[in-house]
Amino acid sequence: MTELRLNAVSFAYEKGRTISAPILERVTLGIARGEFVVVLGQSGSGKTSLLNVAAGFLAPTEGRVTVDGKQIAGPSADRAVVFQDDALFAWSNARDNVAFPLRLRGLARSERNATADALLADVGLSGQGDRAIWELSGGMRQRVGIARALAARPDFLLMDEPLGALDAMTRDQMQELLLTVWRRSNTGALLITHSVEEALFLATRIVVLAAHPGRIVLSRNFDFGQRFLDGEAARSLKSEPGFVAAREELIAAIHEPERAVAA
Amino acid sequence: MTAHIDIAPPARRAGGLAHSLRRIAPLLTGSALAVFVIGIWQIASTSGWVSPVFLPPPSSVVVAFGRLVQVGYVDSTLIQHVGASLGRVFSALAFSVLIGVPAGLLIATSPIGRGVLDPIIEFLRPLPPLAYLPLVIIWFGIGETAKVLVIVLSMVPAITISTAAGVRSASKNQVNAARAFGASPLQLLWHVLLPGALPSILTGVRIALGAGWTTLVAAELVAAGRGLGYMIQSAAQFLVTDVVIAGILVISAIAFAFEALLRFVEHRYVPWSRNQ
C-alpha cells in the first residue's frame with residue numbers, strides 16, 4: 001500500500017546563520033492511500049508548514065519525508081495540492097485550468113479536454129468548462145482547484161484549508177463533495193483546517209498539533225465520513241451525541257494540549 | 001439593467017430623463033467646451049485680436065489639412081509623413097518588446113540578471129531622451145538607425161520594469177501549484193509567469209508608446225527627410241502656422257487612437273486583470 005510518511009520531522013526557518021524557533025518538532029505521521037487524515041491546531045501550531053513539508057515545498061531541517069520508503073526530493077505530481085486561495089490561473093478558463101497538469105505532460109488537446117470535462121462533471125461543474133475563472137464563485141473556484149489536483153492522478157491529495165474562505169452553506173456542500181471525490185479517486189488525503197466539525201465529518205484520523213513547537217498531542221480514528229458515504233444523512237451525523245462529545249473533546253485538546261498529552 | 005445601477009446614493013431614484021442626462025453629461029460638456037474653444041479661436045483670429053501668423057483661424061487649419069492630404073508639404077503628403085513616423089515608432093516598439101520582456105523576466109527570476117540589468121535600466125529610465133539624442137547622433141549619424149535607437153532607449157525601461165513587476169505578481173501558491181504538478185522551470189515561465197505578467201506588460205507597452213511618441217517628434221526635429229516632427233519643424237521655420245497646428249492635431253489624434261486600441265486589446269485579451 002502506498003504511504004506518505006513523515007519520520008521524526010523537525011522544521012525551522014533558516015535565515016543566514018540564525019535558525020528560528022522550531023516550527024515543527026519530531027512530527028511522525030503516515031498517510032496511506034484510502035485514508036483521510038485531518039490536522040487540527042491553533043494558529044501558529046505549524047499546520048501549514050507540516051503540509052508544505054509533506055508537499056516538498058519546504059525541506060525538513062531534521063527527519064525524512066518518504067513515499068513508500070523513498071525519500072522525496074521536492075514537489076512532485078504524485079502529491080497534488082489544493083490551496084485556500086484557489087491558486088487558479090485567471091488567464092485560462094475552467095477546463096484549461098483542470099487540464100493544466102495534463103498539458104505539462106504533453107497530452108494532446110482533445111485527450112486532456114475530455115479528461116478535464118469528466119473531472120469537472122465529477123465536482124458538479126459539468127458544462128462549465130468554458131467559463132472564465134473570474135466569473136466563478138468562491139465555491140466553484142475551489143471545485144475547479146480540486147478537479148485540477150485530481151487531473152494529475154495523484155496518490156495523495158494535500159489540502160491547506162481549502163474550504164476556509166467559503167460561507168457556511170457552501171462549506172457543508174463542499175465537505176460532502178470532498179468525501180465523495182476522495183472515495184472515488186482512492187487517494188490518501190491530508191487536510192488542514194480550523195474547523196473541528198469539518199475535521200470530524202471528513203477524517204478517518206484526526207491529528208491535533210500543539211504550538212511552540214508544533215508537535216502531535218493527539219491522534220484518533222473516526223468513522224463519521226465513512227458512515228456518510230454509506231448513506232447516513234450529514235445533518236443527523238453532525239448532531240449525534242457521539243459527534244458532539246468528540247467535538248468538545250477535540251476543542252479541549254486544541255486549547256489545552258498539555259492535558260491531552262497527559263490523557 | 002443599467003438603468004438601476006447608480007453611482008450616487010440611492011436616496012431618491014432618478015427619473016429616466018434625468019438619469020440619461022447624467023450619463024451623457026461628460027460627453028455633452030466635453031463637446032460644449034470644444035465648440036466654445038474653437039469659437040473663441042475663430043473669433044480671435046478673424047477679428048484681428050491676434051495676428052493670423054501666430055494663430056490662423058480654424059477654417060484655414062482645416063484648409064491646410066486638406067492641402068496636406070492632397071498635395072503634401074516639404075515633398076511628402078501627410079500620409080507619407082505619418083507613415084514614416086509610425087514606421088519608426090512601431091519598429092522601435094518591436095525591438096523594445098524583444099529586448100524589454102526578456103530583460104524583465106531575467107530581472108524578476110534571476111539574482112544575477114537583476115544585478116546586471118537593474119542598474120542599466122535604472123540609469124536609463126530617468127534620463128530625458130533629448131539628453132542622449134546628440135550622443136546617439138554622434139555615434140550612429142543622422143540616419144534611421146539613430147532615430148529608432150533613441151526611441152528604443154526611451155521605451156525599453158517602461159517595458160522591462162512592468163514585465164518584472166508582472167512576473168513578481170504571480171502568487172506564491174500559483175507557482176507552488178505548478179511545481180507540484182511537475183512543471184519544469186521553463187514550463188513555469190511559459191505557462192504561469194508570462195501569462196500572469198501579460199496585463200502588466202500591456203500597461204508597460206502603453207506607457208512606452210507615450211514615451212516613444214514624445215521621443216519620435218524630438219528625433220525628427222533634429223534631422224529627417226520625412227515624418228510628422230520634420231513636417232512641423234519645417235513649417236515652423238517658414239511661419240506656416242496652419243500646417244504646424246494641423247500637424248499637432250494629427251499627432252494628438254494618432255496618440256489617442258493608440259491609447260484606444262491598447263485599451264481595447266486589454267479589454268479583449270486580458271479581461272481578468274480588471275476582475276481580480
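This is a predicted model: local features need pLDDT of at least 70, side-chain atom pairs count only at pLDDT 80 or more; totals for chains, interfaces and linings use all residues.
Close-up 1. The view takes in two strands of chain A: β1 (residues 3-11) and β6 (residues 62-67). They run antiparallel, and five bridges join them. Strands of a sheet pair through backbone hydrogen bonds, either parallel or antiparallel.

**Close-up 2. The four-stranded sheet of chain A.** The strand order is β4-β1-β6-β7 in chain A. The sheet is open, and its pairing is antiparallel. Which strands stand at the edges? They are β4 (24-32) and β7 (70-71) of chain A. Each has a single partner strand, so one side of each is left without a neighbour in the sheet. Helix α1 (residues 47-55) of chain A lies across β1, β4 and β6 of chain A. This helix runs at about 125° to β1(A).

Close-up 3. Three residues of α2(B) are buried: V61(B), A64(B) and L68(B). They cover an arc of only 60° around the axis, so they sit on the same side of α2(B). An α-helix has 3.6 residues a turn, so residues three or four places apart point the same way. What do the buried residues of α2(B) pack against? Their partners are α3 (78-109) and α10 (241-269) of chain B. The other side of α2(B) has exposed residues: G66(B), V69(B) and Q70(B). Just after α2(B) comes G72(B), with a positive phi of about 100°.

**Close-up 4. Where chain B touches chain A.** Here 19 residues of chain B are in contact with 21 residues of chain A. On the chain B side, α7 (172-180) and α8 (185-222) each supply at least two residues. α7(B) gives the most, with six residues. By class, this side of chain B has nine nonpolar, nine polar and one charged residues.

**Close-up 5. R226(B) in its loop.** R226(B) lies between α8 and α9 (228-237) of chain B. Is R226(B) buried, exposed or partly exposed? It counts as partly exposed, because it has 18 C-beta neighbours inside 10 Å. H81(B) is 145 residues away along the chain, yet the C-alpha atoms of R226(B) and H81(B) are separated by 5.4 Å. Leaving aside neighbours within four places in sequence, R226(B) is in contact with S76(B), Q80(B), H81(B) and A84(B).

Terms used. Residues are numbered from 1 along each chain as its sequence is written. Chains are lettered from A and ligands numbered from 1 in the order in which they are written. A residue is buried if 20 or more other C-beta atoms lie within 10 Å of its own, exposed if 12 or fewer, and partly exposed in between; C-beta atoms are placed from the backbone. The arc is that of the directions from the helix axis to the C-beta atoms. Two residues are in contact if their C-beta atoms, placed from the backbone, lie within 7 Å. Two strands pair if DSSP finds at least two bridges between them. Axes are lines fitted to C-alpha atoms, for helices over the stretch in contact, and angles run from 0 to 180 degrees between N-to-C directions. Ala, Val, Leu, Ile, Met, Phe, Trp, Tyr, Cys and Pro count as nonpolar, Asp, Glu, Lys and Arg as charged, and the others, Gly among them, as polar.
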